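The sequence and structure come first.

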Amino acid sequence: MSQPSPCPAKIEINEVAPRDGLQIEARFVPTEEKIRWIDALSTTGLRRIEATSFTSPKAIPNLRDAADVVTGIQRREGVDITVLVPNVKGTERALACQVDEINLVMSASDSHGLANLRMTPEQSLEQFAAILDASKESGVFINASLSTTFGCPFEGDVHEARVLERVEKLIDLGIQGVTLCDTTGMANPAQVKHLCEAVLERWPETPFTLHFHNTRGMGLANALAAWQAGISRFDSSLGGLGGCPFAPGATGNVCTEDLVHMFEAMGVDTGVDLDALLEVAATLPDLIGHDVPGQVVKAGKSTRRYAIPSVHA
């Protein structure tokens, strides 16, 4: 007797462009434009939107207006607003703005943690404990993103056993959700499927999210492999915005409209109105001042039809 397919019939999309996308852009997007953009995104059926990061303005100048953005956007039922926080101070600022979810970040590899956060994974866990203590009365969902899950730009391979050990420590600490991140686009579909099956088998009640970058053109293939393993939650970035300073010149996150188009074409319910999403994606070049990597907004959906060209004798 064949086993039932683990492939979820419905998935959830967490839009990360307002944070992960804008943080490395050369141009500062004015606060009012950020608010209009996030408000437009919230009407498309996206489940969650990572609106900003409550970090030091010196560290990320493009997100120096975090509080103004979160308090200025229109809150819609069914759309959770999540933000990244680096420490207890950032957590307190975020909680004061009534966010729905807080996202923490640590690295699976020591070298990336030191380069990106100036902390080892062990030091990150200590800080997470303090953040959990500061937010325990708030009722806010706490998620942790594990960078370099599928490979480190400095160390190379990150063994699956080390990743599982990090995940176990996060869950034992009290973290409610975990995002597995392909920080510089080093993952491949076979690796993704194996790790996703491993975490879902060990922690079936934990909400796992997959965060892919399209650095080497495998973002959608990796998302498909994760879904085939049973994953139903994905980070993505409108237009494919984003990237990593440790992969200079690389394309950014897996593109939201391309991801939605792929799953919808396969009959998987994303909850997203793709036409509405494409309308918002079409405004991106004007918003940020340059073209973006997204493909479907340029080519149109696969259901698009063209007039038959006339044949000349």
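## Basis

This is a predicted model, in which local features need pLDDT of at least 70 and side-chain atom pairs count only at pLDDT 80 or more, while totals for chains, interfaces and linings use all residues. Residues are numbered from 1 along each chain as its sequence is written, and side-chain values use heavy atoms, with hydrogens and water left out.

## Barrel

Eight strands form a closed barrel with parallel pairing, in the order β1-β2-β3-β4-β5-β6-β7-β8. From one strand to the next the twist averages 25 degrees. Strands (E, at least two residues) and helices (H or I, at least four) are DSSP runs numbered from the N terminus, and two strands pair if DSSP finds at least two bridges between them.

Strand β1 (residues 12-15) runs parallel to strand β2 (residues 48-53), joined by two bridges; Glu15 has Ile49 in β2 as its bridge partner.

In strand β4 (residues 101-107), seven of seven residues are buried, where buried means under 20% relative accessible area, exposed over 50% and partly exposed in between (1.4 Å probe, protein chains only). One side of β4 carries Glu101, Asn103, Val105 and Ser107, the other Ile102, Leu104 and Met106, and both faces are covered.

Three bridges link β4 in parallel to strand β3 (residues 80-84), and Thr82 is partnered by Glu101 of β4. Between β3 and β4 the chain passes through helix α4 (residues 88-96) in a right-handed β-α-β crossover; right-handed here means that, with the strands pointing away from the viewer, the path from the first strand over the helix to the second runs clockwise. With strand β5 (residues 141-147), β4 pairs in the parallel sense over seven bridges, and Met106 has Leu146 in β5 as its partner.

## Helices α7 and α8

Glu160, Val163, Leu164 and Glu168 of α7 meet His194, Leu195, Ala198, Val199 and Arg202 of α8, with contact meaning heavy atoms within 4.5 Å.

## Positive phi in two loops

Gln98, in the loop between α4 and β4, is a residue other than glycine with a positive phi, near 60 degrees. Gln98 is exposed, at 59% relative accessibility.

Thr148, in the loop between β5 and α7, also is not a glycine and has a positive phi of about 55 degrees. Thr148 is buried, with a relative accessible area of 0%.

How values were computed
Axes are lines fitted to C-alpha atoms, for helices over the stretch in contact, and angles run from 0 to 180 degrees between N-to-C directions.
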